[in-house]
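Hi everyone, thanks for making time.

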Amino acid sequence: MALAQPRVPLSVPGPCGQRTVPTRIVGGKDSELGRWPWQGSLRLWGSHRCGASLLNRRWVLTAAHCFEDHSDPFEWSVQFGELSSSPSIWNLQAYYNRYSVEEIILSPLYLGASSYDIALLKLSSSVTYNKYIQPICVLTSSSEFQNRTDCWVTGWGDIEEEQGRPHTPPSLPSPYILQEVQVGIINSAICNYLYAQPVFRYDIWGDMICAGTIQGGKDACFGDSGGPLACEKKGLWIQVGIVSWGTGCGRPNRPGVYTNVSRHFRWMQKLLARSGQGQWLPWAPGRWGTPRLQEPCHLLSPLTPLKTPHRAVTWRLCDRL
């Protein structure tokens with residue numbers, strides 16, 4: 001089957017956002033290998049800590065708050081191409097597809113709060129692409145995805161909010177299979193209205209974007225931080241958001257809050273260009289009439305273990321770490 005050619009403006013030239021394994025229209029279910037080939041497991045000393053997504057052969061996108069307690073790149077690695085967050089020790093391919101982190105770059109606007117919760121990771125070596133490992137696309141604007149009801153969030157986080165015993169939510173059971181759930185993008189006006197209601201009030205502003213359902217029951221949770229919120233456009237998958245925070249998990253009128261990736265498009269482009277991954281041509285028209293990275297020869301290779309939330313109140317703002 002021939003892969004569709006990109007028909008939308010992308011962050012980097014060439015194929016991204018493509019997969020060979022189709023999805024089912026279900027929520028909160030086990031995924032299948034290759035369905036989300038950009039999904040990465042960000043690992044602290046070898047254990048899953050956060051989600052991540054592959055942008056190209058050397059760069060990975062995740063949430064800044066994942067590094068609040070551990071900021072040394074030597075401690076981190078990213079696993080790609082695996083369905084389980086805890087692959088067997090006999091699975092040698094899993095270790096071949098685990099890449100050390102060379103550099104952690106947090107948004108210069110991130111101050112430890114809930115806004116600007118985005119980080120880029122430079123890997124120590126180039127990722128090898130295959131049918132189970134592919135990059136995702138990003139766009140300069142996400143406005144066209146407002147009110148879309150068919151986007152997806154994926155991760156290895158908890159499957160329910162903690163109930164009864166404190167800090168003991170139902171974690172993902174063995175064999176720790178990647179979960180997928182279909183969610184809708186909720187426009188900022190509605191999301192601000194929902195978060196203005198008692199008992200918890202919070203302003204949705206700046207680079208935040210909301211997704212889930214007003215009825216609740218479909219959401220990211222603790223352990224999913226840094227993972228992608230993705231929507232399909234003309235056969236390509238676009239990363240619209242990064243799992244960031246929420247009040248609990250799947251509560252009615254409390255959708256998940258994500259970092260709006262498009263708000264950081266220029267920052268990401270400049271970092272990739274400066275690193276030698278591509279040559280940034282200011283306002284140079286690409287194939288689709290928008291600025292993009294140029295690569296000299298070939299294509300760029302394109303919610304977390306539980307910790308105490310940083311606001312310890314009954315209805316609290318929780319990083320999904």
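Okay, so what you're looking at is a predicted model, and I'll begin with confidence. The protein chain has a mean pLDDT of 77, with 73% of its residues at 70 or more. Residues 1–13 have a pLDDT below 50, and that stretch makes 42 contacts in the model beyond near neighbours in sequence. Then there's residues 278–318, where pLDDT also stays under 50. For that stretch the model has 130 contacts beyond four places in sequence.

How many helices and strands does the protein chain have? The count is three helices and 16 strands. Of the chain's 321 residues, 58% count as buried. As for the surface, the chain exposes about 13,500 Å², and 54% of that comes from carbon and sulfur atoms.

Let's go inside. The largest nonpolar core has 47 residues, and the ones touching the most other members are Leu42, Phe80, Leu120 and Met268. Which elements give two or more residues to this core? They are β2, β3 (47–54), β4 (59–62), β5 (76–80), β6 (98–106), β7 (119–123), β12 and α3 (265–274). The largest share, five residues, comes from helix α3.

Pick Leu120 and look around. Leaving aside neighbours within four places in sequence, Leu120 is in contact with several residues, including Leu55, Trp59, Val60, Ile104, Trp267, Met268 and Leu271. There's also another core, lying apart from the largest one, with 18 residues. Among them are Leu139, Phe145, Ile185 and Ile209.

Is Ser77 buried or exposed? Its relative accessible area is 10%, and the cut-off for buried is under 20%, so Ser77 counts as buried. Not counting residues up to four places away in sequence, Ser77 touches Ser41, Leu42, Arg43, Arg98, Tyr99, Ser100 and Val101. You'll remember Leu42 from the list of core residues that touch the most other members.

Searching the whole structure turns up ten aromatic pairs. One of them is Trp36 with Trp152, a tilted pair, 5.8 Å centre to centre with 40 degrees between the planes. Trp36 sits in the loop between β1 (29–30) and β2 (39–44), while Trp152 is in strand β8 (residues 151–155), so this pair ties together parts that are 116 residues apart in sequence. Both Trp36 and Trp152 are buried.

Trp36 also pairs with Trp237, and that one is edge-to-face: 5.2 Å between centres and 85 degrees between the planes. Trp237 belongs to strand β12 (residues 236–246) and Trp36 to the loop between β1 and β2, so here the parts tied together are 201 residues apart in sequence. Trp237 is buried, as is Trp36. Bring in Trp38 and you have a cluster: ring pairs link Trp36, Trp38, Trp152 and Trp237.

Which residue lies over the face of Tyr129? That's Arg57, at 4.0 Å from the ring centre. Over at Tyr195, the charged end of Arg254 sits over the ring, 5.5 Å from its centre.

Note on methods: Residues are numbered from 1 along each chain as its sequence is written. This is a predicted model: local features need pLDDT of at least 70, side-chain atom pairs count only at pLDDT 80 or more; totals for chains, interfaces and linings use all residues. Side-chain values use heavy atoms; hydrogens and water are left out. Rings of Phe, Tyr and Trp (its six-membered ring) pair if their centres lie within 6.5 Å; planes under 30 degrees apart count as stacked, over 60 as edge-to-face and the rest as tilted. Helices (H or I, at least four residues) and strands (E, at least two) are DSSP runs, numbered from the N terminus. Buried means under 20% relative accessible area, exposed over 50%, partly exposed in between (1.4 Å probe, protein chains only). A charge sits over a ring if NZ of Lys or CZ of Arg is within 6 Å of the ring centre and within 35 degrees of the ring normal. Accessible areas come from the Shrake-Rupley method with a 1.4 Å probe; for residues, only the protein chains shown count as cover. pLDDT is the predictor's confidence in each residue, from 0 to 100. Contact means heavy atoms within 4.5 Å. A nonpolar core is a set of buried Ala, Val, Leu, Ile, Met, Phe, Trp, Tyr and Cys residues joined through side-chain atoms within 4.5 Å.
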